[in-house]
Amino acid sequence: MIDAIGAVASVMLPWAAGTLAVRALWYRPGQGAPSLPLALGYGYLAGLLIATAAMRGFSFAGVRWSLPLLAGAVATAGAISAWLAHRSGPPAFAPDGLCTNLASEPRPLRALFWCALALVALRLAGLAVEVSVSPFRAYDAWAHWGTKAIVWHEEGRMVPFVSPAAWIAGGDARVFTDGNPGHPANVPLMLAWSATFLSRWSESLVNAPWVALAIALALAFYAQARLAGASAPLAMTGTWLVMSLPILNLHVALAGAADVVLGSAYAMAAMAMWRWTVTREREMAALAALAATFAVGVKVEGMLWVATLLPGVVVALHRRAGFALAAAFAAAAAGYVAFGPDSLPVLGYVLKSKPYNVLPTLRDHLFVFDNWHLGWYAVVAIAAWRWRILLAPRVAPMTFTILAGVALIGVVYFFTNAALGVRNETLVNRMPLHLAPAIAFYALLLVVEGRGRPGVQPSLQATYAADA
């Protein structure tokens, strides 16, 4: 029981501090405040960033981790954020117009909202139960995330992990190795953070952040969908469709691995980035930067995914420059295929100039098997349905972000040594998982924008009028 309480506390403390930090971003008096779902959704990611930064800081200073020290650091950050938020004055959180919106909807749509909400809650509750009783099951979790977490937790600091060859040659008892020592540290730090709150290492309870992050993704998706102009029933239905994706659910249940963490962080960054392109809210830019920073620290591929946000930013700042940049990248890719070297090492991959044929495997997993509820058909259909607005000023930044993400998957899967993992079906769904929540938001955005942004909250009418 004491460990169960500790696991809950390990989630709630950074979540509370991060939510206050997100609220503090809206610091200008009279500016208003974020909605509670938005603050909670991005708040957990902000809290994880605070917690992992504290662990890095103490480790760098040579101070051994302890529960009072780490909890005190995060609580202090939360207290400072609360003071900053208080300075901006009331309200603490802005209403999202849920009651007003539901009251104006027909009864079947109100029923749809509550049904979708119940299904999301039921799915997340089931995942929480499964995670709480399951040990590490994913290969990555026990091969190179859990290994670092266990060692760092026992040592009370981040000790070096090196390649097997360097470990054998070095002979230093305080240097370690595992299946992939080169990845960034956010995921093992998340596990070690949870373990600090427990009386002993538990391969089940240390995975609590994966359940919390799934809840945060659902809250952030719903909040951003509402800000985009979706009605409450449509936003909640979209949230349910995302949170019911089989591969996403599988990676939450197989807690301890990094792919769903990266996908959640990337989606939050992409959604906030799009909102910034529409409104130029500095707070949304800060949320996008926060989520992107966390994504970079999850996996080596995080740097590549964050880079796919840049075309959307460039298009928003200078439309012609963005289009020119996209054309230049396309020309460079074509030039590499035609004239480039046979092999080129890039961030752990070996880039090839001749493509591998992985189409049959991708076709099966994306369009035949029910790994994604066959949702890729819906994405293609919606894009074809709304083709007239794909490059409209409000939608083009997100369009270019999604195109860059799809291009990244295409390059990695068809033109690098990762093709072997696609063919043997060990990697085929991983990179689509990184992009899937962001693509789901894009599909919902196309639906909303294509019909004139119905269901816009009254408090946002002036903003949308200014954007039009």
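1. Among contacts in the protein chain (heavy atoms within 4.5 Å) between residues at least 6 apart in sequence, 77% join residues at least 24 apart.

2. On provenance: the model is predicted, with local features needing pLDDT of at least 70, side-chain atom pairs counting only at pLDDT 80 or more, and totals for chains, interfaces and linings using all residues. Residues are numbered from 1 along each chain as its sequence is written, and side-chain values use heavy atoms, with hydrogens and water left out.

3. Overall dimensions. The C-alpha trace spans about 65 × 60 × 40 Å along its principal axes.

4. Secondary structure. The protein chain has 22 helices and two strands. These are DSSP runs numbered from the N terminus: helices are H or I with at least four residues, strands are E with at least two.

5. Surface and burial. The accessible surface is about 19800 Å², and 71% of it belongs to carbon and sulfur atoms. The areas come from the Shrake-Rupley method with a 1.4 Å probe; for residues, only the protein chains shown count as cover. Of the 468 residues, 52% count as buried. Buried means under 20% relative accessible area, exposed over 50%, and partly exposed in between.

6. Nonpolar cores. A core is a set of buried Ala, Val, Leu, Ile, Met, Phe, Trp, Tyr and Cys residues joined through side-chain atoms within 4.5 Å. The largest has 127 residues; Tyr42, Met243, Leu248 and Tyr413 have the most contacts inside it. A second, separate core has 16 residues, including Met55, Val151, Ala192 and Phe197. In soluble globular proteins, nonpolar side chains tend to be buried together.

7. Tyr413 in detail. Beyond four places in sequence, Tyr413 touches Val358, Leu362, Ala419 and Val422, among others. Its partners also include the run Leu427, Val428, Asn429, Arg430, Met431 and Pro432.

8. Helix α8 (residues 186-196). Eleven of its eleven residues are buried. Among them are Asn186, Pro188, Trp193 and Thr196. Ala192, another buried residue of α8, belongs to the second core.

9. Aromatic pairs. The structure holds 13. Rings of Phe, Tyr and Trp (its six-membered ring) pair if their centres lie within 6.5 Å; planes under 30 degrees apart count as stacked, over 60 as edge-to-face, the rest as tilted. Trp372 and Trp376 have ring centres 5.7 Å apart and planes at 70°, so they are edge-to-face. Both are buried. Elsewhere, ring pairs link Trp152, Phe161 and Phe176 into a cluster.

10. Glu155. It is found in helix α6 (residues 139-155). Its relative accessibility is 17%, so Glu155 counts as buried. A polar contact of 2.5 Å joins its side chain to that of Arg174. Such a contact is a pair of N or O atoms within 3.5 Å; within protein, one must be able to donate a hydrogen and the other to accept it, and residues adjacent in sequence count only if both atoms are side-chain atoms. Beyond four places in sequence, Glu155 touches Arg64, Arg174 and Phe176. Phe176 is also part of the aromatic cluster.

11. Lys299. This loop residue sits between α13 (282-296) and α14 (301-307). At 5% relative accessibility, Lys299 counts as buried. Its contacts beyond four places in sequence include Trp145, His183, Asp259 and Arg430. Arg430 also touches Tyr413.

Terms used. Buried means under 20% relative accessible area, exposed over 50%, partly exposed in between (1.4 Å probe, protein chains only).
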